[in-house]
Amino acid sequence: EQTLQILAWSCLGAVCLSLIANIVSPHTAYKGGRFIGVFKHIPHMVSCATTGAVIWLSLSWRSSTLWQLIGRIFASGLCAYAVYLTGTRSSLIAVGLAAPLSAMAISAVNRAMSFFKWSLCLICILVVIFFGKDIVNYSISVAVGESSIGLREAQNGVESRMEEIDRGIQHFKDSPWLGFGILDKFSSNKEEIEEVSGYNSFKDPHNIFVSAGTIAGIPFIIAVGAGLLLLVIGILRLFLRPSSWTQRIIAVFLIVHLPILIIYHVHLSLGGFNDRVYWLFFGLLALETLKKKKKSTTGKIL
């Protein structure tokens with residue numbers, strides 16, 4: 001619980017500083033029409049804001065007072081606004097899905113909070129019923145580059161993503177069994193490995209399976225596929241079986257991030273924000289599981 005709150009406050013602090021920078025010096029807070037805030041790096045800004053939005057939203061349902069609820073929803077709103085400024089489509093979808101999913105998965109502390117969260121779920125259902133077609137059409141227009149989000153220029157995300165995947169597949173075919181190693185995307189050519197600061201986006205396939213293949217070949221693709229399957233099974237177990245609200249918050253975060261995880265890359269990079277968050281959450285889930293086993297073993301002995 002404390003770890004989640006520390007992470008939530010850290011994300012909120014970075015988002016607030018970034019929004020202040022946007023007011024004080026807007027020309028330094030954007031890169032190519034996308035909000036970078038104090039991070040000066042789009043993926044870091046997106047990951048921080050998305051993480052903060054999802055966690056604060058999930059914590060809202062555990063509020064014990066009205067003011068605490070308002071404060072947490074406001075914090076989530078600030079983070080969601082920062083995500084909007086980055087113009088990142090997949091992260092906006094993740095935040096949107098987290099609202100009803102977290103409300104359904106996380107138990108409220110009292111009847112008033114329970115009434116509020118189920119009212120929100122009802123509103124989400126009504127929005128889908130009455131405006132679902134418009135939302136889907138707008139989403140498709142954004143995906144194919146007919147519309148834009150925030151200040152980001154309209155871009156055909158489907159076409160550009162397929163180009164990256166195809167480029168990655170062609171690169172993977174040069175060494176399908178061994179791959180090229182984790183530092184391959186930091187090299188400018190096949191002979192020379194440069195410093196980590198020399199990131200080469202043309203060698204980053206932006207797909208977890210193709211990325212696994214370029215890193216360590218077919219065996220690693222199989223390992224990553226098995227890991228994803230175990231992750232899905234673990235998330236479903238947290239939802240279907242009795243579990244703590246801390247575990248469920250992590251499960252909500254992981255399930256809304258699954259599409260992002262798949263269309264991004266293998267999280268073994270040397271500077272990614274999400275890399276740290278994923279491994280932190282896996283560690284927390286492991287600790288929670290060990291605590292449960294220890295309690296059940298102690299109970300049997302007694």
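Student: What should I know about the numbering and the model before I start?

Tutor: Residues are numbered from 1 along each chain as its sequence is written, and the model is predicted, with local features needing pLDDT of at least 70 and side-chain atom pairs counting only at pLDDT 80 or more, while totals for chains, interfaces and linings use all residues. Side-chain values use heavy atoms, with hydrogens and water left out.

Student: How many helices and strands does the protein chain have?

Tutor: Helices (H or I, at least four residues) and strands (E, at least two) are DSSP runs, numbered from the N terminus. The protein chain has nine helices and two strands, and along the sequence they follow the pattern α-β-β-α-α-α-α-α-α-α-α.

Student: What share of the residues is buried?

Tutor: Buried means under 20% relative accessible area, exposed means over 50%, and partly exposed lies in between, with a 1.4 Å probe and protein chains only. Of the 302 residues in the protein chain, 42% are buried.

Student: How does the span of helix α2 compare with the expected one?

Tutor: The expected span of a helix is 1.5 Å times one less than its number of residues. Helix α2 (residues 42-60) has 19 residues and reaches 27 Å from its first C-alpha to its last, close to the 27 Å expected. Because 17 of the 19 residues of α2 are buried, this helix is largely enclosed by the rest of the structure.

Student: Which residues of α1 and α3 are buried?

Tutor: Helix α1 (residues 2-24) has 23 residues and reaches 33 Å, close to the 33 Å expected, and its buried residues include Leu4, Leu7, Cys11 and Leu12. Helix α3 (residues 66-86) should span 30 Å with its 21 residues, and its end C-alpha atoms are 31 Å apart, which agrees; among its buried residues are Leu69, Arg72, Cys79 and Thr86.

Student: How is the packing of two helices described?

Tutor: Two packed helices are described by the angle between their axes and the distance between the axes. The axes are lines fitted to C-alpha atoms, for helices over the stretch in contact, and the angles run from 0 to 180 degrees between N-to-C directions. Helix α4 (residues 89-105) and helix α8 (residues 245-263) pack at an angle of about 155 degrees, with their axes 9 Å apart. Angles under 35 degrees count as roughly parallel, over 145 as roughly antiparallel, 65 to 115 as roughly perpendicular and the rest as oblique, and α4 and α8 are therefore roughly antiparallel to each other.

Student: Which residues of α4 and α8 meet?

Tutor: Contact means heavy atoms within 4.5 Å. Among the residues that meet are Ala94, Leu97 and Leu101 in α4, and Val252, Ile255 and Ile260 in α8.

Student: What is the phi of lysine 40, and where is the place of this residue?

Tutor: Most residues other than glycine have a negative phi, and most peptide bonds are trans. Phi of lysine 40 is near 60 degrees, a positive value in a residue other than glycine, and lysine 40 lies in the loop between β2 (34-35) and α2. At 44% relative accessibility, lysine 40 counts as partly exposed. Just after α3, glycine 87 also takes a positive phi, of about 70 degrees.

Student: Is histidine 171 buried or exposed?

Tutor: Histidine 171, in helix α6 (residues 157-172), is buried, with a relative accessible area of 12%. Not counting residues up to four places away in sequence, histidine 171 touches Phe180, Asp184, Lys203 and Thr214.
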